Amino acid sequence: MSQSRSLWLRLRRAAVVAATLCAAVVLPAGSAGAHAFLAGSSPGDGAVLTSAPGQLTLRFSESIEAATTHLDIVGSDGATHQPTSVQVVSAGGSGSGPVLLVVGLPPLPADAYRVSWQTVSSDDLHQTNGILVFGVRHPVTAAGLHEPPPALPESALRWLLFLALATTLGGTLLAALFRPDASGPFADAAVRRCRGLALAGSVVALGVSLALLRQQMYDSGESLSRLLPSTYGHRWLVREAGLAALVPLMYSRLRGGFGPTAQRFLRWFTAAAATLAAVGSALLGHAGAGATPSVTRVGADAAHVLAAAVWAGTLLVAAVVVVPRLRPSGGEAVTARAALGRFAVPAAICVAVMAVTGVYLTSGVAGSVDAVLMTTYGRVLIAKVALVCVAGALGLANSAALHPGVAGSVRSLVTRRRPAPAAEPRRPRHLVPEALVAASVLALSAVLTSGQPAREPQLVSSTAGHTVPVLDGAAADLQETLAVQPNLPGANVLLVGVFDTRRPSPGVVRGVQVAIVGADGAQAVPLALTPLADGRWSAPASLTASGAALVRVTVHRQGLPDASSSYRWVVGGSPSLTRPAVLSTAPIANTLRVAAGGLAVLIAVPAGFVVASRRRSRRGRAAVPSEATMPAREEVSAGH
């Protein structure tokens, strides 16, 4: 017995170490992408220019594939103007972060131009497209907010994947809930049906994940040989490894015949495989956005996926296995109601995890109140929350039927009346509607996963600073620094520091001149900077547009040739892109994070009190002598 326990402990430690190493390898890697959207452009949508721009710059929130990018530039007369060049330039020093699509333009006559673009996110293979309008000495009307709709085939496949994973986890849990009563033929048959459905769900989930990959490859035009070595391929393999591991585990549980140690082994590795699949799904979703995925957001998304799958899957499997046996009387009905009654605590835990993680994750996909109300993504999110509330109400009704004693105690606390005698558990009449609502919640989750988050810059007012960190560079024997404030289109201040690296200085700096080529290709008149203290120079400058600009600094020294250096500078987006607020365009990310923390405390504190009171009551019952031991104690006392 001790040897088997030691073996079990070693296997469990090995599983924990393997999971930790997997997380260490996967999580610090590049972004998983979150449906790239247009964060800004130069010229901007609706801009009217006095001269034709030399290039068009589109700033995307995530990395994109240049090979799958297509642009159409059409004048008011229907004539198409072909770009002279298309180049993807990193805007943040990392190929996984925000990027600039720099498009060379041919000479454009005075006219109105409509630019239609379509591209694919590098890491999540989501297609995105949009339209912008600008004029050259010609009045135009901005194209306005454009939100690409979710791809229906992809959403349908994601729904099937969620349903299959939910069936796997829900069937496993419901079979465990039957185990205390698995002594009769009905309980044995129910356990076997639950495990059979779990096995079928694991097989379907593995097949649908492959079909989903095929669909995304078809939509994006990517090949498997190019996809697997990419960031998306790495994350897909993480999810696929978890789904593939679930199939033999579910088959082993269906066969049965294992001892207690092997059963514990299967439970732990089933949990590990499900967690791996959930982490892979999170890395492939919106939580994996950014140059480096947030471990907190990926963990929260994985917990959200697991909680939703266990909650919805148990309801769906129960609707198939248990509901047909819930007759008004009989041993099968008693066993079925007892199994459903045991689901109350796991269901409460799942709903609590879903609520806390859902509010926290919304902080990364909903930019403002207006963004939620005025986008398809936001409206689907509202519908999902509403359905979860409906499911919660149905769940409370079912729980009240299965636990009449608890319901009576709560009712007596509210009405301040003596509780009625505990009644027998009743048939939960709303189990099938609750399961259908849960399936609908998974469907809306699939739509959200396939859609573009509600973070369009037109609907979110920016309150963050736009100053880019100071750039350092060398020119001849000089060390230079460059800063631009506030780094927005319009009036700015250039700050240049010039420091001689040799002592004594071979030549005194007599002047500093700066020439700027804007993101729109316009070249400004060179600026002569004014000297400040400690080798710093300054001058006011006007930046014409957001995007990648070129700044050339020339230092004039006495008795030495000029020292010149060039810097690529990214000008921030214009805050004028924000539309007039309908309710509010103020960012809500911090508010949602605080709300998630408060909700976690509100849930954790009462739950802690309930657990503590149950432990105290158990200790009290254990300390009170039973009726069987009382006479013996009295006899011992009398004999003494």
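Me: Is Ser85 buried, partly exposed or exposed?

Reply: Some ground rules come before the case. This is a predicted model, in which local features need pLDDT of at least 70 and side-chain atom pairs count only at pLDDT 80 or more, while totals for chains, interfaces and linings use all residues. Residues are numbered from 1 along each chain as its sequence is written, and side-chain values use heavy atoms, with hydrogens and water left out. Buried means under 20% relative accessible area, exposed means over 50%, and partly exposed lies in between (1.4 Å probe, protein chains only). Ser85 has a relative accessibility of 40%, so it counts as partly exposed.

Me: Where is Ser85 found, and how far from Val102 is it in space?

Reply: Helices (H or I, at least four residues) and strands (E, at least two) are DSSP runs, numbered from the N terminus. Ser85 is found in strand 5, which covers residues 85-90. Ser85 and Val102 are 17 residues apart in sequence, and their C-alpha atoms are 7.9 Å apart in space.

Me: How many salt bridges does a search of the whole structure find?

Reply: A salt bridge is a side-chain nitrogen of Lys or Arg within 4 Å of a carboxyl oxygen of Asp or Glu. The search of the whole structure finds three. One of them joins Arg158 to Glu154, with the closest N and O atoms 3.0 Å apart.

Me: Why are Arg158 and Glu154 separated by about one helical turn?

Reply: Arg158 and Glu154 are about one helical turn apart because they stand four residues apart in helix 2. Both Arg158 and Glu154 are buried.

Me: Which residue does the side chain of Asp477 meet in a salt bridge of 2.7 Å, N to O?

Reply: That partner is Arg502. The pair links distant parts of the chain, 25 residues apart: Asp477 lies in the loop between strand 9 (471-475) and strand 10 (478-485), and Arg502 in the loop between strand 11 (490-500) and strand 12 (509-517). Asp477 is buried, with a relative accessible area of 13%, whereas Arg502 is partly exposed at 42%.

Me: Which residue forms a salt bridge with Asp477 at 2.8 Å between the closest N and O atoms?

Reply: Arg557 forms that salt bridge with Asp477. This pair also links distant parts of the chain, since Arg557 belongs to strand 16 (residues 547-557) and is 80 residues apart from Asp477. Arg557 is buried, as is Asp477. Salt bridges that share partners join Asp477, Arg502 and Arg557 into one network.

Me: What is the phi of Ala476, and what is that of Arg137?

Reply: Ala476 has a positive phi of about 55° although it is not a glycine. Ala476 is placed in the loop between strand 9 and strand 10, and it is exposed, with a relative accessible area of 71%. Arg137, likewise not a glycine, has a positive phi of about 50°. Arg137 is found in the loop between strand 8 (127-136) and helix 2, and it is exposed at 55% relative accessible area.

Me: At what angle do helix 2 and helix 3 pack?

Reply: Axes are lines fitted to C-alpha atoms, for helices over the stretch in contact, and angles run from 0 to 180 degrees between N-to-C directions. Helix 2 (residues 152-178) and helix 3 (residues 185-220) pack at about 155°, with their axes 7 Å apart. That makes helix 2 roughly antiparallel to helix 3; angles under 35 degrees count as roughly parallel, over 145 as roughly antiparallel, 65 to 115 as roughly perpendicular and the rest as oblique.

Me: Which helix axis comes within 7 Å of that of helix 5?

Reply: The axis of helix 6 (residues 260-283) does so, crossing that of helix 5 (residues 231-255) at roughly 155°. Helix 5 and helix 6 are therefore roughly antiparallel to each other.

Me: Is Val514 buried or exposed?

Reply: Val514, placed in strand 12, is buried, with a relative accessible area of 0%. Val514 and Ser565 are 51 residues apart in sequence and 9.9 Å apart in space, C-alpha to C-alpha.
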